[in-house]
Amino acid sequence: MISLTVNGKQYDCSVDVRSTLADFLREDLDLTGTHVGCEHGVCGACTVLLDGEPIRACLMLAVQAAGHEVSTIEGVAPSDEALHPLQEAFWAKHGLQCGYCTPGIIMSACAFLKEHPAPTEGEIREMLAGHLCRCTGYHFIVDAIAEAARALGAR
């Protein structure tokens with residue numbers, strides 16, 4: 001039995017000790033926005049925030065998250081009627097195509113922009129080095145993150 005908070009909601013669940021955090025989120029909590037790509041921590045598709053820090057959910061066991069706060073893409077938007085500035089920017093700047101990598105990138109970018117509120121293009125590209133996107137070529141993703149930084153700074 002583990003107890004953890006996911007997207008602000010407390011969960012007390014029985015979980016297989018071999019279950020990864022990604023599998024737990026997807027299969028037990030039905031939070032399917034966390035995607036599983038390589039299952040080796042290389043692609044970044046499974047990135048979630050653990051106590052505000054980006055981690056690869058495919059490399060962490062669900063039991064290791066006990067007592068922690070997990071944030072997934074489903075918890076990023078401020079409400080059901082509004083998108084987060086990163087989500088708005090990805091939409092407006094065409095920062096996604098197939099969208100498979102997008103949730104992980106947005107989760108990393110959320111943490112990144114808290115530490116770097118006015119990042120340079122180089123800093124954004126360095127942060128993206130931990131994510132693989134086969135569709136976009138990253139140019140529009142960089143533009144979207146820069147746009148979100150400007151929007152968040154204007155608040």
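Me: In the hairpin of strand 1 and strand 2, which residue takes a positive phi?

Reply: This is a predicted model, and the answer is read from its computed geometry. The hairpin of strand 1 and strand 2 has two residues between the strands. The positive phi, near 55 degrees, belongs to asparagine 7.

Me: How many bridges join strand 1 to strand 2?

Reply: Strand 1 covers residues 2-6 and strand 2 covers residues 9-13.

Me: In strand 5, which residue is the bridge partner of valine 6?

Reply: Strand 1 also pairs with strand 5, over two bridges. In strand 5, the partner of valine 6 is valine 70.

Me: Why is strand 1 described as largely enclosed by the rest of the structure?

Reply: Buried here means under 20% relative accessible area. Strand 1 has five residues, and it is largely enclosed because the number of them that are buried is four.

Me: Why do the buried residues of helix 4 line one face of the helix?

Reply: Helix 4 spans residues 121-128, and its buried residues are Ile124, Met127 and Leu128. Seen down the helix axis, these buried residues of helix 4 lie on one face because they fall within an arc of 100 degrees.

Me: Which helices do the buried residues of helix 4 pack against?

Reply: The buried residues in question are Ile124, Met127 and Leu128. Their packing partners are helix 3 and helix 5 (139-153).

Me: Which element gives the largest share of the lining of the largest pocket?

Reply: The largest pocket holds about 250 Å³ of space. Of its 14 lining residues, the closest to the centre are Leu49, Val76, His84, Cys110 and Lys114. Two elements give two or more residues to this lining, strand 5 (69-71) and helix 3 (102-115). The largest share, four residues, comes from helix 3.

Me: How many residues of the lining of the second largest pocket are nonpolar?

Reply: The second largest pocket has a volume of about 190 Å³, and its lining includes Cys43, Cys98, Cys101, Cys133 and Cys135. For the largest pocket the lining divides into six nonpolar, six polar and two charged residues. In the second largest pocket one lining residue is polar and one is charged, while the nonpolar count is eight.

Terms used:
Residues are numbered from 1 along each chain as its sequence is written. This is a predicted model: local features need pLDDT of at least 70, side-chain atom pairs count only at pLDDT 80 or more; totals for chains, interfaces and linings use all residues. Side-chain values use heavy atoms; hydrogens and water are left out. On a 1 Å grid over the protein atoms alone, a cavity is a set of points where a 1.4 Å probe fits but cannot get out, and a pocket is an open set with protein on both sides within 12 Å along at least five of seven lines; lining residues have an atom within 4 Å of a point. Grid points are joined across faces, edges and corners, and a volume is the space filled by probe spheres set on the points. Ala, Val, Leu, Ile, Met, Phe, Trp, Tyr, Cys and Pro count as nonpolar, Asp, Glu, Lys and Arg as charged, and the others, Gly among them, as polar. Buried means under 20% relative accessible area, exposed over 50%, partly exposed in between (1.4 Å probe, protein chains only). Two strands pair if DSSP finds at least two bridges between them. The arc is that of the directions from the helix axis to the C-beta atoms. Contact means heavy atoms within 4.5 Å.
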